[in-house]
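Dear colleague,

Here is the structure for your files. My notes on what was found follow below.

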Amino acid sequence: MYRKFRKVSAMHRVGSAGNTSNSVRARKEKRLTYVLNDSDDTKHCAGINCLALLKSSVPDGGDHLFTGSRDGRLKRWALAEDGATCSATFESHVDWVNDAVLAGGNTLVSCSSDTTVKAWNCLSDGSCIKTLRQHSDYVTCLAAAEKNANIVSSGGLGGEVFIWDLEAALAPISKSSDAMEDDCSNGISGSGNSLPITSLRTIGSSNSISLHTTQSQGYLPVTAKGHKESVYALAMNDSGTLLVSGGTEKVVRVWDPRNGSKTMKLRGHTDNIRALLLDSTGRFCLSGSSDSMIRLWDLGQQRCVHSYAVHTDSVWALASTPSFSHVYSGGRDLSLYLTDLATRESILLCTKEYPILQLALHDSGIWVATTDSSVHRWPADCQDPQKVFQRGGSFLAGNLSFSRARASLEGSTPVPVYREPSFSIPGTPGIVQHEILNNRRHVLTKDTSGSVKLWEITRGVVVKDYGEVSFDKKKEELFEMVSIPAWFTVDTRLGSLSVHLDTPQCFSAEMYSADLNIVGKPEDDKVNLARETLKGLLSHWLTKRRQRYGSQASANGDVPSGKDISARSITLSRVEVDGNAENDSFVYPPFEFSAASPPSVITEGSQSGPWRKKITDLDGTEDEKDFPWWVLDCVLHNRLPPRENTKCSFYLHPCEGSAAQILTQGKLSAPRILRIHKVVNYVVEKMVLDKPLDSISSDGNFVPGGQLQHSAVGGDGSFRSGLKSLHKLKPSIEILCNNQASYHKA
């Protein structure tokens, strides 16, 4: 017997629990994000925004290069003649690292699009000393005083320019029950509302900031007020007595950083100012702009003394020789030029595939950072830059912005001196395209090299590398006729997959254990994908927590604390216990994250700003001050937020042209996830076995054995009683959903 039936997709959803007319809209809870790392985590996976060079204090000691990336991390590279080794990764920023400077002998200061400035012990294994939260928007640039290790300035898109006295800003914090140190011990930032013992430093007549003590306000940096728009570039003289800034206002502003007062404003550029340099004395200033021009300013005369039309597009990076006689410049036109500031002679050193973002001179070479994840070192004789002009191919820089562009159009494009870099620190290709597949466990990605990969986000691994194939065709090949709620979102802003979990939406997706191939668990048990993913992510943390607190920890890993998270959870939101899942820390194989290439967690708790850390670096001390309460409630207490008991309504009709009888006139309803073989069993029992059906409720609901949670059409009793008859009849049944075959049973 061969029958065809047509199953019409869900017409509407019926919520048995939800908001009432008197309900209050819940506030947005804090998010948990985890960032997936590919196999080689010693490399950057996104563009390099900044460079900082630390010269060894001993003659034969090794130098170090610091790189800050759009992947949100900084790395320290130990430099040698024959290579570079990543000796530390600095991970705490939760967005792009935009700039980094060295202050003194061992302090690295970085700024980020996460609106923070962070200080690090640059010779450590990556420990963050303090997080400074003063900016209201992306922090784009930093400047440090070469001979005054205390002074660092920061600027950002909010138009703010702050001058920080690091000695005061990094001073020890007074401890109290209501105030926490805003440090980065364990990579996690504190609250920032605590009070330093030494605080505000007011300006004296000397070149330094004089110390005053107050515990009423906490440390506040000096503010240079005057910018009405975004700030993109800063520079400071060696002694820290002069600061210049530039941005979208197209003017160079000059400040006294000791009190934040304005000294002068220099006009001349016709577009955004993107790069600034000051000579050691603070008399001369170089500026690079999106108008493609480089300008030399005499601050004593308060005017532009030279303009250099070298580039054909925006100038984004400048680096000068120690004597300030020559300038290296790069930008959007992918080219690196060397220009003699006195003679105006310019020469093209190299042209590559990516826009140049920052430059750093190092002995006989220059490090070049671009929008690519690799860093290259090109030849450059900083002590005698004039040598390169002897090779020929130089030109005189014009003083009008269109002169180089016109020369380029006329076919007189200069030939680069160097074809290949002398040394490279390779990165890994960043992800630029992604698609969440409808099974809601796999994400298809494409990186900058064109390679297409399939990720399993519940384990954080690449399950298939397809190589350079068509992304769209592969997406079509992997399409499945399944319907699972969207329980996470993804972005690739950091060059890798960032998976975002938001409550309560993330707990909306369930799958049967049989579909997850979980051995030893009843096949009709439902598994909450978010709950098991959180258990997998925090399994190392939970183990460390139990080891740290020993007998204090309860059976489920909870540790008594001053604040009872369970009480707080129930107060904020109705909570239900997931009765179908064991209340333990066992992680099923589909949710085991790799310890060899662990993901990083980005989140925040009740008393700290956002932080980022590898899951294997969590030490068990993190609690509700660091994690969202709902995450701990799920992992420690097995509680999930309330969910609507959503049902799926559908019709079951004979397929057009089929002689099969109509089983039911009305709609049927089932839980949100319904295995199609259960619909087949229902058809078999209703038509083939021809016996009363006790598994359908009066309103057409699938209720096997009276247990709606484990919907099995026909139920254990009714279906198995006719199993032998079914085997004898051997019916052939095909179920179509929206006229597409979803199941065939012979």
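Strands S4 and S5 (residues 64-69) run antiparallel and are joined by 6 bridges; strands here are DSSP runs of E with at least two residues, helices are runs of H or I with at least four, and both are numbered from the N terminus. Within that pair, Leu 53 has Leu 65 of S5 as its bridge partner. This is a predicted model, in which local features need pLDDT of at least 70 and side-chain atom pairs pLDDT 80 or more, while totals for chains, interfaces and linings use all residues. Residues are numbered from 1 along each chain as its sequence is written, and side-chain values use heavy atoms, without hydrogens and water.

S4 and S5 belong to an open sheet of 4 strands, ordered S4-S5-S6-S7, with antiparallel pairing (two strands pair if DSSP finds at least two bridges between them). At its edges lie S4 (48-54) and S7 (83-91), each pairing on one side only.

On the helix side, H5 (residues 539-549) packs against H7 (residues 629-637) at about 70 degrees, with the axes 12 Å apart. Axes are lines fitted to C-alpha atoms, for helices over the stretch in contact, and angles run from 0 to 180 degrees between N-to-C directions. Trp 541, Leu 542 and Arg 545 of H5 meet Leu 632, Val 635 and Leu 636 of H7 (contact means heavy atoms within 4.5 Å).

For the whole protein chain, there are 10 helices and 52 strands. Of its 746 residues, 55% are buried, meaning under 20% relative accessible area with a 1.4 Å probe, protein chains only.

Regards

Conventions
Buried < 20%, exposed > 50% of the residue type's maximum accessible area, 1.4 Å probe, protein only.
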